[in-house]
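Subject: Structure handover

Hello,

Here is the structure I promised you. Please open it first, then read my notes beside it.

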Amino acid sequence: DTAVFNAAISACEKANEWDNALQLVDLINRNRLETSAISLSAGISACAKGSAWETALRLLFAMPQKQIKLNTIAFSAAISACEQAAKWEQALSLLCMMVQLEVEANAVSCNSAISAFEKGGEWEKALQLLSVMAAEDRKNLHAEPVNQQRP
């Protein structure tokens, strides 16, 4: 069943056996089991460890085709895969896609994008993203609760 496959994919990912993790993802599809966000996200994370950024993107973009909602964990893992391969353009594209789809970017996704910029020799872009993140944090710190009424 899918839960067993998910556990095995996660174990392969943690053991840096990304090629075995991908074989398990393919096996889920071949056996016509229900693919879940967990199995695809774990597969994407395994790709990050194996610097298989293209496969990570393929798995990410397969999610909507399988009626699985794109989420922060999957995007962050895909951005990390791009970071490992120094593919800053793809990392930036994924970060922008998160904003467009209103998927919340977290510290992992932003830090991976910054690291991708650094590895790609784009330190100015890294500083720009860091500046945007700091401005967002300041904005969130000073935001009033929605339900609070003013006197």
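A residue counts as buried when its relative accessible area is under 20%, and as exposed when that area is over 50%. Anything in between is partly exposed. Keep those cut-offs in mind for what follows. Please also remember that this is a predicted model.

Start with glutamate 83. Is it buried or exposed? Its relative accessibility is 10%, so glutamate 83 counts as buried. You will find this residue in helix α5, which runs over residues 72-84. Which residues does glutamate 83 touch, once its neighbours within four places in sequence are left aside? The contacts are Ser112, Ser115, Ala116 and Lys119.

Lysine 119 forms a salt bridge with glutamate 83. Their closest N and O atoms are 3.2 Å apart. Lysine 119 sits in helix α7 (residues 107-119) and glutamate 83 in helix α5, so the pair ties together parts that are 36 residues apart in sequence. Lysine 119 is partly exposed, because its relative accessible area is 36%. As a rule, side chains of opposite charge can pair when their charged atoms come close.

**The other salt bridges**

How many salt bridges does a search of the whole structure find? The search gives 4.

Another of them joins the side chains of glutamate 13 and lysine 49, at 3.1 Å from N to O. This pair also links distant parts of the chain: glutamate 13 belongs to helix α1 and lysine 49 to helix α3, 36 residues apart. Glutamate 13 has a relative accessible area of 12%, so it is buried. Lysine 49 is at 43%, so it counts as partly exposed. Lys14 comes in here too: Glu13, Lys14 and Lys49 are linked in a network of salt bridges.

Lysine 125 pairs with glutamate 122, and their closest N and O atoms are 3.6 Å apart. Lysine 125 is partly exposed, with a relative accessible area of 29%. Glutamate 122 is partly exposed as well, at 22%.

**Helix α1**

Now turn to helix α1, residues 2-14. At 1.5 Å a residue, its 13 residues should span 18 Å. The end C-alpha atoms are 18 Å apart, so the two agree.

Which residues of α1 are buried? They are Thr2, Phe5, Asn6, Ile9, Cys12 and Glu13. These residues cover an arc of only 125 degrees around the axis, so they lie on the same side of α1.

What do the buried residues of α1 pack against? They pack against α2 (18-30) and α3 (37-49). The face turned away from the buried side carries the exposed residues Val4 and Lys14. Just after α1 comes asparagine 16, with a positive phi of about 60 degrees.

**Methionine 133**

Finish with helix α8, residues 123-141, where methionine 133 lies. Leave aside its neighbours within four places in sequence, and methionine 133 is in contact with Cys110, Asn111 and Ile114.

Best wishes

Note on methods: Residues numbered from 1 in each chain as written. Predicted model: local features only at pLDDT ≥ 70, side-chain atom pairs only at ≥ 80, totals over all residues. Heavy atoms only, no water. Helix = DSSP H or I, 4+ residues; strand = E, 2+ residues; numbered from the N terminus. Contact = heavy atoms within 4.5 Å. Expected span 1.5 Å × (residues − 1). Buried < 20%, exposed > 50% of the residue type's maximum accessible area, 1.4 Å probe, protein only. Arc of directions from axis to C-beta.
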